[in-house]
Each structure stands twice: as structure tokens, then as C-alpha cells.
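These are my notebook entries on a structure that I went through residue by residue. I wrote down what I looked up, in the order in which I came to each topic.

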Amino acid sequence: MEENEYFNNEIAKVANSLESINKSFFKIEENIKFADKQKIYKILHHYRSALFPNTYGKLPINNTKINILIDKKLKMVALELKNLINKVLINNDKDQSNNDFYEFKVDQMVMKIINKFPEIRKKLQSDIQAAYDGDPAAITMEEILLSYPSIEAISTHRISHELFILGIPIIPRIMSEYAHRLTGIDIHPGAKIEERFFVDHGTGVVVGETCTIGRNVRIYQGVTLGAKSFSVDHQGNIIKELKRHPTIEDNVVIYAGTTILGGKTVIGHDSIIGGNVCITSSVPPHSKVYNSQPAPIIKNTMKI
């Protein structure tokens, strides 16, 4: 009994200490929680079901009812997004003193995102087409849509980016990291990516926040589009929102294992970047960049 009381007293002290630390850094009651992460994952499922009805649904749907399904999924996305956006903005938004105006403002943000869905759908179709055109192993469009990690990652990115450019915190990053976990492709929601984007294989690809990628770009596994260095202020703190990541112009192919760094680095259009190259300065259009051919040593170990 005495031992139990000892544990109870000592553990109570640790619990109080942890509570104090949490209160110092987070507004616990108003912060996004683990359950909200699960809601974000559900939003992504509803979003894909609206974009690709009869493909992401659990049951086959009669063609005459597809419009009803799309309408239902869009409403689910809108309502869930509204609740979560309210939660992440409530601590920072000064307009919440006028509840009616604040609610109208959040409704407008949600509808801006929903209104982007037809444009997103067209871009995703171009991404699927790029995968089909760029991968000789691809047999059908359905195969690409249902099994290629590139489409999983880029479809998530195309909605998370819209949330990001509206200034909505936390939610887009949770979306992008969810796709990262599923696919091995790490695309920051701030990255700007035009249509016909294809990541072949995909594992280990990193695309940084301020990266700009043009039309019809194909990259392979292990490619990093990253920052060369971080600017700091007079107090030594990293200055955020500067362009730190490269620009990749139209019709560029980047092969496996290549690293391209720096906000001033531009890969000119219609260039081919070979595998395992490290680039920290700009490349003119119509270039072919590759390392010198290695000279492997081959020995015959067979004993005569």
C-alpha cells in the first residue's frame, strides 16, 4: 500500500510537470489533435472519390448516380474542411469577434478550394497521361491511377497546395506528410507544380517548399530538389519565405539519385539531367548534364 502511494505521489508530480510544459507551448483545447489527423485522411479519400467516382469508392455505382455521389463527396469535403479550418485559424484570426463575418470568411475559403476541383481534375488527368506516355511498363490508365505512387502523391499535393496558398496552417502539411508516408515521395505543399508531372518509381524523392516545376517534367527515384543554404537574420534565426529551392523549367527529365540545390538554380527547359549528378548552379536550356563515365574494374575470379 505504501509503495502504491509512493508511485501515485511521484507520478502525479510528473503529470503536473508535463501538463505545465504542454501549456507553455500549446493551446491544448484549441489545437488540432490526433483525431483531426484522421479526419484529414478522410477528407483526402472523399476528395479523390469526387475526382474519380467509381474508382475510389468501395462499391460500384450506376452511371446515372455518379453526379449524386460527386455532390455528396464534395459536401463532405466542404463540411469537414470548414470545421478543421475553423480550428486552426481560431487562435490567429482577428475577425472572429464578428462571428457572422468570420463564418462567412471561412465558407469563402472552403468554396475557393472546392471551385478549384475541376482544374485539379484536369491537371491530374494530364499527370496520368504523362505517366502513361513516360513509362513503357504502363498498360492502362486505370493501372496508373490505382497503383502508381506518383499519382497518390501528386493528387494529394494538388489539394494541399490550394490550402497552402490560402494561408491555412497545419492541414496542408499533414496531408503532404500522409502522402509521404504512403509513397516515399516528399512534396512540400508550397511547391508550385504545373501539369503533366510524373515521378517514376518515386521512393526517396524530395521537393522543397519554394520549388517551382514547369510543365511536362519527369523525375526518377532518389531525386532531391532542395536548399543549398539558409539565410539567417542578425539574431541567427533562419529567415523563412525566401526562395531556397530550384526552378525546373518545362520538358525536363531528371534521372535517379540527382541532387539539385539552391533558390537561384534554374534548370533550363528541354534539358536532361543524368543520374547521381549534384547541381548547385543554373543549367541553360537544351542541356544534357551527366557525370564522366566511371571505369569499373572487372576481374575474372575463376581458377583454372
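I began with F117, which counts as buried at 4% relative accessibility; in these notes buried means under 20% relative accessible area, exposed means over 50%, and partly exposed lies in between, with a 1.4 Å probe and protein chains only. The model is a predicted one, in which local features need pLDDT of at least 70 and side-chain atom pairs count only at pLDDT 80 or more, while totals for chains, interfaces and linings use all residues. Residues are numbered from 1 along each chain as its sequence is written, and side-chain values use heavy atoms, with hydrogens and water left out.

Entry on aromatic pairs. I looked for ring pairs, taking rings of Phe, Tyr and Trp (its six-membered ring) with centres within 6.5 Å, and calling planes under 30 degrees apart stacked, over 60 edge-to-face and the rest tilted. The structure holds five such aromatic pairs. One of them is the edge-to-face pair of Y47 and F117, with 5.2 Å from centre to centre and 70° between the planes. Because Y47 lies in helix α2 and F117 in helix α5 (residues 117-134), this pair ties together parts that are 70 residues apart in sequence; helices here are DSSP runs of H or I with at least four residues, strands are runs of E with at least two, and both are numbered from the N terminus. Y47 counts as buried, at 0% relative accessibility. I also noted Y6 and F7, a tilted aromatic pair with 5.8 Å from centre to centre and 55° between the planes. F7 counts as partly exposed, at 40% relative accessibility.

Entry on salt bridges. Side chains of opposite charge can pair when their charged atoms come close. My criterion was a side-chain nitrogen of Lys or Arg within 4 Å of a carboxyl oxygen of Asp or Glu, and a search of the whole structure finds 14 salt bridges.

I looked up K87 and found a salt bridge with D36, in which the closest N and O atoms are 3.2 Å apart. This pair links distant parts of the chain, with K87 in helix α3 (residues 66-89) and D36 in helix α2 (residues 34-51), 51 residues apart. Are these two partners buried or exposed? K87 counts as partly exposed at 27% relative accessibility, whereas D36 is buried, with a relative accessible area of 3%.

K75 and D71 also meet through their side chains in a salt bridge, at 2.9 Å from N to O. They are four residues apart in helix α3, which means that about one helical turn separates them. D71 is partly exposed, with a relative accessible area of 36%.

A further salt bridge joins R215 to E195, with 3.1 Å between the closest N and O atoms. R215 lies in the loop between β5 (212-213) and β6 (217-220), and E195 in the loop between β2 (192-193) and β3 (197-200), so the pair ties together parts that are 20 residues apart in sequence. R215 is partly exposed at 38% relative accessible area, and E195 is partly exposed at 24%. I then checked for shared partners, and found that such salt bridges join D36, K39 and K87 into one network.

Entry on strands. I took two strands as paired if DSSP finds at least two bridges between them. β3 and β6 run parallel and are joined by four bridges, and D200 has Y220 in β6 as its bridge partner. β6 also pairs with strand β9 (residues 253-254), in the parallel sense and over two bridges, and here I219 stands opposite I254 in β9.

Entry on the whole chain. The secondary structure of the protein chain comes to eight helices and 14 strands, and its C-alpha atoms fill a box of roughly 80 × 60 × 50 Å, taken along the principal axes. Of the 304 residues, 39% count as buried. I counted contacts as heavy atoms within 4.5 Å; among contacts between residues at least 6 apart in sequence, 47% join residues at least 24 apart.
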